[in-house]
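Welcome! Have a look at it first, then try each task before reading the solution.

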Amino acid sequence: MYAEDYTPFELMAVAGARELKDGEIVAVGIGLPVVASFLAKRTHAPRLTILFELGIVDPEPIHTGVGLADPRVWYRAKVMSSFVDMLGMVLHRGLVDVGFLGGLETDAYGNLNTTLLGDPRGTFTHSVGSGGANDIASSAKRTVIIIRHQARKLKEAVSFVTSPGYLQGGSAREAAGLRGGPVRVITDKAIFGFDPHSKRLRLESIHPRITLEDVLANMGFQPLVPDQVPVTEPPTVEQIRLIREEIDPERIYAG
Amino acid sequence: MGKLATLAEAVASIPSGTHVALSGFAITRCNMAFAREVIRQGIRGLTVSQCVGAMDADLLVGAGAVERMIYGGGSLDRFGRLNNVNRAIESGTLIAEEYSSLSVAFRYLAGALGLPFIPTRSLRGSDILARLQQIAPENIGTVQDPFTGDEWLALRPLVPDVAVVQVQVADEEGNAWIFGPRWDNEEQVKASQRVIVITEQLVPTEIIRRDPERTVIPGFKVSHVVHLPFSAHPTSVYRVYDYDAEHIREYAAATRTVEEFRAYLEKYVFGVQDHWEYLELIGGMKRLTSLMADPILGY
């Protein structure tokens, strides 16, 4: 049964969860991807393995943390190790199926910027940088980008490529020696994929109660738009219950 | 001569211009008491490295003690950004060699193993790489795989002069246990020329010998052991104490402008003689007791 009452963030978390298959290994940062991963593990993907870059596997938090450095997020982990173990011996080794990424801005080819806004050679504002994001974008089999749907965040070209998507499109990513790449961009208005040849962003579904005009008017570029665009599958009542009652009861991530 | 030292003695062993690897990660196990003492002693021109930029580095950068930072980006988690680091990058007063977490970890690993370089799949195609090729071309190269002929990006090993590591348990030789995830600490320690251990708890070597599989830092690498409870405050030490959210909020607010940060330094760094006076200033036993970790939760 589909839910009637849900927030845009909850819908994004549910859409993220649906990208994960049972038995896969997922590398996550903090925020909505955490909600998406825990939701998948409690529903259709109980054998999902969840990794955090600093050396944490499959925690079962009972309190919401402020970030990866918060021991609340490590509670009841199965492994406590290191960057070289997680980002090296699992991710760089090629074992991570899905990486979740977010950022300041992304572009028509799924390149992500978490480093700076402005002109890198002139005046700019520095943000948080890469952390493990560049590593995940470089070595995960596929990545899923979760980002707010705003023209300043969805730009034709980002001001700094922290984490490469398909670079300039076409075969540019392979030419740079990278495997994998982004498969999905999930916003609060729509879900996008990438054209298999040009690698340009392509609209895949529009969220309930959102129009195509809403989607396009709030983007800094024109994505590929197929003739028929379906409506995004809404969250189920059970998914929303799990998010609100068990995964994010303090509504820190899912709004 | 024994290795047990006061914080002031250990810090005095670090000349200006040293490369110091710091054990902090965002807001956990940061070398906060160490950073405050470095600032009080007027040590400057440091190179600071860590995989994820943390509050210890931000404090040092804000006080003008750091010339170069080698890191993979960082923040104070939800409390905010590394405002001092960011401001110094934006104004050009800090040379920021900015990588990804794994790239810095790999550079430490190569240093720890005594390898001449380490190939990596990270950074390729990114502007991080383009910027590093401008700022630090001496640390970035390419190498051909002798077996397949493939071209790889290669990084120079990182060999810090000293690693300063905040741990839960150590003995007077410096054999130390780290509880919880260790992020880059083991590779930092093993890459560095020497190590300063700052420990919450000092135990007899007999305790270390009973559970030697827990030892992450071997005593033979350690030059100084400083026994200093609550030395990571206001950041957390897993299984010992939680982060002090109120103080980190105050810090994040104070780092928004140079003037406000100067006032913060006057109060919490220059306004006290040492760590013990600092602990009194932030509320003494009453405050610290409220931060003690629950033994089951670890925070």
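**Exercise 1. A strand and its surroundings**

Task: Decide whether the residues of strand β1 of chain B are buried or exposed, and sort them by face.

Solution: Bear in mind that this is a predicted model.

- Step 1. Strand β1(B) covers residues 19-22.
- Step 2. Side chains in a regular strand alternate between the two faces of the sheet.
- Step 3. On one side of β1(B) we find B:His19 and B:Ala21, and on the other B:Val20 and B:Leu22.
- Step 4. A residue counts as buried under 20% relative accessible area. B:His19, B:Ala21, B:Val20 and B:Leu22 are all buried, and both faces of the strand are covered.

**Exercise 2. Partners of the strand**

Task: Work out how β1(B) is joined to β2(B) and to β8(B).

Solution: 

- Step 1. Take strand β2(B), residues 46-49: three bridges link this strand to β1(B), and the two run parallel. Across this pair, B:Val20 faces B:Val48.
- Step 2. Now take strand β8(B), residues 162-170. Here too β1(B) is joined by three bridges in a parallel arrangement, and B:Leu22 stands opposite B:Val164.

**Exercise 3. A cavity and a helix**

Task: Which element gives the largest share of the lining of the second largest cavity, and which of the residues of that element are buried?

Solution: 

- Step 1. The second largest cavity has a volume of about 60 Å³. Residues lining this cavity include A:Ala27, A:Leu51, A:Met86, A:Leu87, A:Leu91 and A:Ile136.
- Step 2. Both β2 (49-52) and α3 (83-92) of chain A supply at least two lining residues. With three residues, α3(A) has the largest share.
- Step 3. The classes are nine nonpolar, no polar and one charged.
- Step 4. Turn to the helix. Because eight of its 10 residues are buried, α3(A) is largely enclosed by the rest of the structure. The buried ones are A:Phe83, A:Val84, A:Met86, A:Leu87, A:Gly88, A:Val90, A:Leu91 and A:His92.
- Step 5. Follow the chain just past α3(A), and A:Gly94 takes a positive phi of about 100°.

**Exercise 4. An open space**

Task: Describe the lining of the largest pocket.

Solution: 

- Step 1. The largest pocket holds about 1,300 Å³ of space.
- Step 2. Of its 40 lining residues, A:Ile30, A:Gly102, A:Gly103, A:Thr114 and A:Val128 lie nearest the centre.
- Step 3. In chain A, α1 (8-17), α2 (32-42), β5 (98-101) and α4 (133-139) each supply at least two residues.
- Step 4. The class count is 20 nonpolar, 14 polar and six charged residues.

**Exercise 5. A sheet and a loop**

Solution: 

- Step 1. The sheet has three strands, ordered β7-β6-β11, and its pairing is mixed. Its edge strands are β7 (112-113) and β11 (154-155), each pairing on one side only.
- Step 2. β6(A), residues 105-107, pairs with β7(A) in the antiparallel sense over two bridges.
- Step 3. A:Pro59 sits in the loop between β3 (56-57) and β4 (79-80) of chain A. This proline counts as buried because its relative accessibility is 3%.
- Step 4. From A:Pro59 to A:Ile145 there are 86 residues in sequence and 22 Å in space, C-alpha to C-alpha.

Terms used: Residues numbered from 1 in each chain as written. Chains lettered and ligands numbered in written order. Predicted model: local features only at pLDDT ≥ 70, side-chain atom pairs only at ≥ 80, totals over all residues. Heavy atoms only, no water. 1 Å grid on protein atoms, 1.4 Å probe; cavity = no way out; pocket = protein on both sides within 12 Å on 5 of 7 lines; lining within 4 Å. Points joined across faces, edges and corners; volume = space filled by probe spheres on them. Helix = DSSP H or I, 4+ residues; strand = E, 2+ residues; numbered from the N terminus. Nonpolar A, V, L, I, M, F, W, Y, C, P; charged D, E, K, R; others polar. Buried < 20%, exposed > 50% of the residue type's maximum accessible area, 1.4 Å probe, protein only. Pairing = 2+ DSSP bridges.
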